[in-house]
Amino acid sequence: MKTIFEIVHRYVLPILLIALWATPVARAQESPLDDKVFTGRYQENHISTEKEEELKFVDGELHSMVYARMGFAKGGYTAVVKKDGIHFEAVTVSPNQGTIDWRGIVYDDSIVVNYKWHKKGWFTDTVRDYSFNGMIVK
């Protein structure tokens, strides 16, 4: 009769190790935008002032350099490859500044993004619409 230790050692431990090893590989294959960096200009819609921005896609997460300075964390993204490009969505969150909902399309070496910044206030909630256009950094 086998002891619990032998069963765990022979069967359970190898299965757990294989599952842990296979998970990052599968995740990397599901993220067509990973390791891509785009630089460009963003602006609030209906306001002509443009500012520099850099968006990074790393390990299934979107990272905005501009909004990171305002306390927004990286946010997980989903991406779907279609005929016209890679469509993606993401949400980034800041404890003090609210949330940003990102939607965009990557066309070869360029990216077009529209996003909404939602911030709750004491008396009213604020929603601002922005756009970003950029090129891939090679």
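Trainee: Which residue in β8 does Q43 stand opposite?

Mentor: In this predicted model, Q43 stands opposite S131 in β8.

Trainee: Why are β1 and β8 called paired?

Mentor: Pairing needs at least two bridges between the strands. Strand β1 and strand β8 (residues 125-136) share 7 bridges, so the two count as paired. Their sense is antiparallel.

Trainee: What makes β1 and β2 a pair?

Mentor: The test is again at least two bridges. There are 7 bridges between β1 (residues 36-44) and β2 (residues 51-58), so this pair qualifies too. The two strands run antiparallel.

Trainee: In what order do the strands of the barrel close?

Mentor: The 8 strands follow the order β1-β2-β3-β4-β5-β6-β7-β8, with antiparallel pairing. On average, neighbouring strands of this sheet are turned by 30° against each other, direction ignored.

Trainee: Why can the 22 residues be called a nonpolar core?

Mentor: Such a core takes buried residues of the nonpolar set, including Trp, Tyr and Ile, joined through side-chain atoms within 4.5 Å. The largest core that meets this has 22 residues, and Y67, W102, I111 and Y115 have the most contacts inside it. Elements giving two or more residues to this core include β1, β2, α2 (65-68) and β8. Strand β7 provides the largest share, 4 residues.

How values were computed
Residues numbered from 1 in each chain as written. Predicted model: local features only at pLDDT ≥ 70, side-chain atom pairs only at ≥ 80, totals over all residues. Heavy atoms only, no water. Buried < 20%, exposed > 50% of the residue type's maximum accessible area, 1.4 Å probe, protein only. Axes fitted to C-alpha atoms, helices over the stretch in contact; angles between N-to-C directions.
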